[in-house]
Each structure stands twice: as C-alpha cells, then as structure tokens.
Amino acid sequence: MKRRNVLRVLSAAAVGGALVPLTSNTRSSAGTYGLRAADVAAHWDFPEGAGATTREKVTQSTNPINYVFNKAVYKPDSDPLWNPKRDADGVLSGALLFDGYSTWIARGAAETTLPTDGLTVEAWVAPRAFEWGDEGKPSVIINQQDKGARRGFCLGVGRHGGWSFEIGTGDAWHTATAPKSAALAAGEWAHIAAVFAPAGGAIALYLNGESVAQQTVPSSARLSKADVPLVVGQHNQPVVINGTFKVNMFNGLIDELKLHGGALSGAEVKAGHEADLKTFSGGTIPKAAMAMKRSRYEGDRYRPAFHFTAPEHWMNEPHAPIQVDGKYHLFYQHNSHGPYWHNICWGHAVSEDLVHWRDLPVALAPTADSVAPDGVWSGASTLDDKGLPALLFTAGNDSIKPNQAVGLARPADPADSDFVHWKMHPELVISQQEDLDVGSDRKVRFGDFRDPFVWKEGGTWFQLVGSGVQSSSGTDLGGTALLYTSTNLTDWTYEGPLMTGDVATYPKTGQVWELPTFLPIGEDAQGRRRFALLVNPAFPAGPGEYSSKFTFYWVGVWDGSSRTWTPDDTEPRLLDYGEHFTGPSGMVDDKGRSLVFTIAQDRRSEQGHYDAGWAHNAGLPIVLSQRADGDLAFRPVAEVAELHDGAALVHIDSSTSLSDANAKLAAVKGDLLHIKLTMAAGDAAKFGLDVLRSPGDEERTRLFYDTSAKELGVDRTKTGNVSSAVPDLGIQKGPLALADGKLTLEVFVDRSIIEAYANAHRSITTRAYSSRTDALGLQLFGEGSTVTSLTVWKMGGMAV
C-alpha cells in the first residue's frame with residue numbers, strides 16, 4: 001500500500017538546532033504566495049507498477065515516462081521497467097526502475113510552483129550502479145537547473161555513491177555534499193532528503209532520517225528558478241558521449257519522490273522516514289529488486305540467443321575464465337548504465353557446460369579508496385595455493401600515471417560456490433615502471449599496461465601484461481607481452497618481454513598488444529611443450545581502421561624453467577578472417593583442453609546501440625590444439641551440441657549433388673542454426689554456402705572458398721546492414737589450403753552473428769542485420785562441386 005501524504009502545518013523549521021519562523025503568507029520571488037514547508041508541490045509515488053505514464057499526485061497530471069522501447073526499433077514495443085508490486089514493500093511497492101540511459105520523466109518549466117525561500121526534496125532511491133561522473137556532474141535524481149546561470153536546483157548521485165544537493169540563487173551556486181560515511185550503497189534502498197533553509201542559514205542533508213551534512217548559505221539566499229523543464233532521472237545539461245548517449249543519468253529505482261514547498265525540520269524528516277518504515281513488512285527496508293533481465297529484449301530480431309551476451313547493455317571482451325569444482329566462471333567488461341563504453345566493471349556468469357550460462361551480480365566495480373577507483377578493466381584468473389580462485393585485473397586510477405596497473409581480488413566468502421562477492425587486495429600487485437628493460441636502445445611504452453594473463457607451473461605463477469615497445473627516441477616498434485613471475489600472487493618479479501612485435505613490417509599488429517593469451521597446444525617430437533600466443537592489437541597512435549578487427553597468433557616452444565619462448569617464426573598469423581573476432585582470453589579446464597573465449601564485435605552505429613539497448617556478444621568457446629604440421633588447430637567446444645533443439649532438420653551422409661542437397665535445404669528456414677557441411681571442390685571455381693538468404697537472393701551472406709586463390713572468405717555485398725556502422729560491408733578473406741580438395745565448414749547462425757570454422761584451422765566471424773524478414777534460407781552454390789555430408793540443426797538459447 002502507498003502511504004497517503006498528510007499535509008502538516010509547520011510553525012517553525014529547525015535546521016541544525018536553529019528555529020526558523022515560517023508564515024503562511026510568505027510571498028516568494030516568483031510572485032505566488034509560498035507553500036508551507038509541509039505542503040507538497042509535487043509528488044511522484046509511482047503506484048502504477050506498469051505502463052509508460054505515471055501520475056503526479058498534487059496536480060493529478062499524467063507524466064509520460066521516456067523509455068527506449070516505448071517505440072522500439074528492433075523488437076515489439078514494451079513498457080518501462082518497474083519493480084514488482086508487493087504489499088510487503090509498503091510505500092516502495094511498484095517503484096520505477098530507471099535503466100541508466102533511456103528512462104526519464106520531464107514536465108514543463110511552469111508546471112511546478114516552488115517558493116524561493118525554502119525547499120525540501122526527498123526520495124527513496126536504490127542505485128543499481130554509479131556513473132563515472134563526466135565533467136563532475138551528478139547522476140540526477142531530480143533537477144530543474146541551469147548551473148551556468150546559477151539558477152535552479154539538483155539532487156543527484158556522484159561517483160562511488162556520494163550524493164549532493166545543489167541550489168542556484170542567481171548570484172551563486174551552493175552545493176551540499178554527503179560525506180563518504182553517508183554514501184549510498186549500490187543495490188540498497190535509502191531514504192534521502194535535502195533541505196534548503198536560508199532562514200536557518202544552511203542546506204541540510206539527511207540519510208534515513210538522520211542528519212549527515214550541512215552547508216552554510218546566506219540568510220538572504222533565495223532559489224532562482226531555472227526556466228527549463230523539471231526532469232526526473234536525467235540531467236538538464238548532460239554530457240553527451242559519442243554524439244548519442246546522454247550521461248549524468250540515474251540508474252536504479254526511485255520512489256516516493258517529493259518536492260516540499262519549504263524547509264522541513266530535521267524532526268519532520270525523521271518522522272516521515274519512520275512513518276515509511278511502518279509500511280514495510282516487519283518494519284524492515286525491503287530488498288531492492290532490480291536485477292538485469294534478459295526478457296527485456298524478447299523479440300529482438302538481431303540479439304543472439306545461444307552466444308553469451310550480457311543480460312543488459314554493454315559488454316566487450318569476456319575474460320578471466322576459470323573452472324572451480326567443475327563449474328565454469330566467466331567475467332566480462334560491462335557497463336550497466338547503457339550500451340556504450342564507459343563506467344567499466346566486471347560482469348559475471350557461471351556455467352556447468354560452457355554453453356548454458358546463469359547470470360550473477362557484478363563481481364568487481366570501481367570503488368572509492370581502492371586500487372581501482374576509476375575502472376576495473378580486463379584481466380585473468382587462477383587458483384591460489386588453497387585452491388580458491390583469485391582475480392588479477394587492470395586497476396584504473398586516473399590520479400596516477402600510468403592510470404593502469406594490476407590489482408588482485410579474492411572471494412569474500414570462499415564457501416560460496418558461485419563466488420558472488422569479491423574483495424580487492426588493498427595494494428596494487430604490479431605497477432608499470434618507466435625504466436623496464438625491454439632491450440638495448442629501447443624503452444617500454446609507458447602508460448600502456450593492461451590485461452594480465454596468468455597461469456601456474458609447479459610452485460610458480462607466470463603473468464603476462466600487454467604493453468608496447470619504443471625506440472629510445474620514441475618510435476613505436478611493436479606490441480609486447482611483459483613477463484612476470486611470483487610464488488605468492490602478491491609479489492611479482494619482472495622477467496622481460498616474452499615477445500615483441502614488429503609494427504613496421506606488420507602494421508596490423510599494432511603499437512600495443514592487449515589481452516595476451518598463452519596456452520599449451522601439445523608437444524613436439526622432442527617432447528618440448530608447444531604453446532600458442534594470441535594477442536589483440538591496439539593502435540593508440542593510429543590508424544583507427546585496424547582497431548578491433550584482428551586476433552593474431554604465433555606458435556612455438558615454451559620452457560618455463562628458463563622463461564624462454566621460441567616461436568616457430570616471427571610472422572603473425574590471423575585466426576579469423578571475418579574482422580569481427582577479437583579480445584581473446586583463455587584457460588585450461590579439467591579435461592586438459594585449452595579454451596579460448598572472444599568478443600564478437602557487432603559493428604553497429606551508436607544510434608543502433610541506443611535503439612537496441614545492448615552491444616556486442618561473446619563468440620562460442622573454442623578448443624586449441626596442434627595440427628600435424630605444428631600449426632594451430634581450433635574448433636568450437638563439443639558441448640555446443642547440447643544446444644540442439646530437437647532432431648536434425650536435414651541429414652546427408654553420402655555424396656550428393658548440389659541440386660539434390662538444395663532441394664532438401666529448401667524447407668529449412670531459420671536464424672538459429674548449426675550446420676555441419678563437407679564439400680568436394682571438384683572443378684568449381686568458387687563454392688560454399690549462403691546463409692540468411694531471402695527467396696529471391698535479394699539478401700544473403702555468402703561463405704565461400706576460392707579454389708584458384710586458395711582462399712576462404714565471406715562475401716557481404718548482399719548482406720543486410722540495418723544499423724551497421726559502415727554502409728559497405730565488402731568481402732573479407734584469407735589463405736586456406738584444402739586437404740584432398742575438401743572443405744569442411746561448421747557454421748553457426750545466431751540471428752545477427754555468423755561463425756564459420758573451416759577445416760578446424762581458420763574461421764570467419766561476421767555480422768548480418770537483415771532488412772528482410774524472409775532472409776532466413778540456406779542454399780549451396782558452386783557448380784562442379786559436390787556435397788559429401790550435410791547436417792542442419794535448430795538451436796536453442798544459452799540462458800539457464
């Protein structure tokens with residue numbers, strides 16, 4: 001039940017013990033006789049629990065709720081997000097959930113009348129996460145402000161849960177800020193109140209009915225109203241990222257939001273809080289139910305179903321995979337505020353089979369007074385000497401240079417098999433040193449130091465950290481993976497570069513290497529251990545055209561005792577030719593498999609991300625091994641078969657002509673498919689498979705093999721490109737030698753993502769955003785070729 005607002009007559013308001021007379025005929029500078037402090041000028045109690053509008057109680061006006069899916073672009077329309085209605089939650093039943101980037105409420109500048117000589121703003125809020133705080137601006141709960149003109153007011157939340165109230169008096173801008181001890185906690189309800197009482201000479205802040213801060217203001221101060229809309233959940237003057245995303249927005253639940261027409265006393269704030277408590281079951285503040293929900297995207301024609309995605313908003317590379325007691329844990333770079341890169345923390349999911357994943361709360365987030373106040377970027381995991389997981393992460397701290405270092409985190413509760421909560425080690429475990437020895441007449445690229453990868457051999461842990469190497473004069477020579485060792489995970493010894501690239505000879509390998517991943521793939525004839533080194537090239541010095549497109553690798557011999565890595569050759573090789581496969585991370589599981597996880601870039605425009613509400617997804621986990629020629633072999637994990645939804649739709653197991661095979665494929669329509677195909681080239685110049693094909697061939701994505709060029713490729717000249725960041729999708733390809741003239745493809749179509757693995761040696765990862773709803777077909781092409789085998793399955797979803 002919602003508590004009915006009761007108007008109380010004040011004879012005086014007390015701020016900090018000072019009684020300030022308030023009279024009923026105090027005239028405001030706005031020209032209207034002022035409301036008494038107990039009178040409510042506006043009240044949003046969000047009783048609806050559903051729908052795209054809410055009623056403001058004082059005026060009984062209906063306010064639209066702005067929300068991205070009110071008029072959805074890629075899915076059916078759906079309502080803004082609401083907390084479930086429960087009687088046990090009392091006044092907090094049915095609160096509105098602000099998604100952090102698209103949810104806000106606005107009303108006209110003249111719709112709310114406020115006195116100038118006193119104001120109280122109060123609300124129940126439960127932040128889901130905290131923004132970075134661009135330009136020092138808060139994530140707004142409610143505001144009607146023009147700070148440049150020193151007019152209006154703002155109640156908002158800052159970085160790490162700090163919160164503040166700001167008032168413009170025309171001649172000055174006054175700010176009261178809660179101390180760290182009164183910071184809001186992510187995921188928890190809190191009642192906050194801010195009182196502007198110039199007659200008492202102060203702005204006072206209250207948390208859960210208790211005074212937590214005061215800021216002196218002149219007794220002559222008066223609110224100078226800003227002639228701008230009054231907005232809930234969004235800043236009147238926000239910072240805009242990528243030309244699209246307005247930040248300084250609230251992310252979480254808001255309820256019982258009130259503007260009082262004067263200064264409430266401390267006693268009244270406390271009494272109001274206690275009255276609210278009585279509406280809760282057992283008098284206990286309820287839990288804030290606001291977990292991210294995948295159901296928000298139901299019906300999205302492009303959102304993958306069986307590739308891992310974040311439950312909402314932005315993700316980039318998955319990383320730090322680890323297996324503990326048979327359970328796989330995967331972390332990933334995540335922004336819970338919206339589908340754009342910012343406010344990066346570690347998302348977390350768990351699986352027992354690598355293909356069905358269960359979402360867990362954020363594992364690590366930027367935290368005040370920690371080693372990572374400004375960002376928790378990619379990293380790795382390992383088991384400590386007690387068999388418990390430990391996370392090594394890139395700690396972001398903009399107050400130091402470089403702002404990237406390596407931090408350590410351990411489970412807060414080792415008995416919790418999900419390892420939901422983590423505790424950061426109080427000190428950095430590795431900081432980049434400017435004088436690192438990276439070779440004669442060379443220096444490390446100081447300031448680029450990120451993405452640790454960790455493994456253990458015997459009693460020693462080894463760690464790689466991505467960076468770059470320059471000449472002593474500052475010319476970029478190439479990326480590098482810096483090697484460190486430790487016997488306890490907290491004290492690390494620098495050993496030197498594992499390997500350094502050559503960006504002049506191979507410009508696509510970048511000036512910096514990110515996400516170095518180093519995994520065993522077998523032994524050579526002499527019994528020496530062979531490893532693969534995978535890197536993600538970065539281009540801080542440009543050109544941008546190569547960014548986030550490639551993963552390169554080398555194979556060679558690793559000797560842990562001498563700390564030496566001897567690659568077979570220095571020429572880098574591409575794993576994937578589709579220019580969407582990046583961000584490797586890896587682990588060795590209890591089956592002895594070297595597993596690699598990647599991010600599949602979605603290559604959408606920023607407006608496409610905004611309209612969709614999500615960005616990027618992981619590639620399928622792959623298994624690395626060694627080919628007979630010593631090169632790297634890889635294929636998807638066998639567990640993908642557990643995602644098959646029913647029996648095979650098509651099955652051919654003997655030599656078949658293209659026309660006969662296509663006749664069987666004609667009945668297959670879908671964008672959730674797993675295809676295993678072997679074709680004999682015969683005398684075909686080009687042959688392969690079209691997926692997401694419309695009946696008249698107006699749209700399709702073509703996976704092909706060019707026999708004369710000996711190249712595997714993808715032709716996207718007819719691929720749908722709705723929301724794509726570039727208009728010309730083109731053709732991407734690379735070398736592949738066939739064995740016995742046969743091409744074996746394992747293809748996965750998951751709405752907008754297409755993955756094709758060729759002869760367990762190369763792959764194509766790409767995207768298709770079909771404009772046609774009938775682009776769901778399959779067709780083989782290549783006159784002169786034949787089908788040796790073909791099986792097609794429908795696929796189910798990855799969520800548990």
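Visitor: How many disulfides does the rule count here?
Guide: This is a predicted model, where local features need pLDDT of at least 70, side-chain atom pairs count only at pLDDT 80 or more, and totals for chains, interfaces and linings use all residues. Residues are numbered from 1 along each chain as its sequence is written, and side-chain values use heavy atoms, leaving out hydrogens and water. A disulfide is a pair of cysteine sulfur atoms within 2.5 Å, and by that rule the count is zero.

Visitor: Is Cys 154 buried or exposed?
Guide: Buried means under 20% relative accessible area and exposed over 50%, with partly exposed in between (1.4 Å probe, protein chains only). The relative accessible area of Cys 154 is 0%, so Cys 154 is buried.

Visitor: Which residues of helix H3 are buried?
Guide: Helices are DSSP runs (H or I, at least four residues), numbered from the N terminus, and H3 covers residues 658-665. Ser 659 and Ala 663 are exposed, on the face turned away from the buried side of H3. The buried ones are Leu 658, Ala 661, Asn 662 and Leu 665.

Visitor: Why do they line one face of H3?
Guide: An α-helix has 3.6 residues a turn, so residues three or four places apart point the same way. The arc is taken from the directions from the helix axis to the C-beta atoms. Seen down the axis of H3, the buried residues line one face because they fall within an arc of 100 degrees.

Visitor: Which residue forms a salt bridge with Lys 180?
Guide: A salt bridge needs a side-chain nitrogen of Lys or Arg within 4 Å of a carboxyl oxygen of Asp or Glu. Here the closest N and O atoms are 2.9 Å apart, and the partner is Asp 369.

Note on methods
Helices (H or I, at least four residues) and strands (E, at least two) are DSSP runs, numbered from the N terminus.
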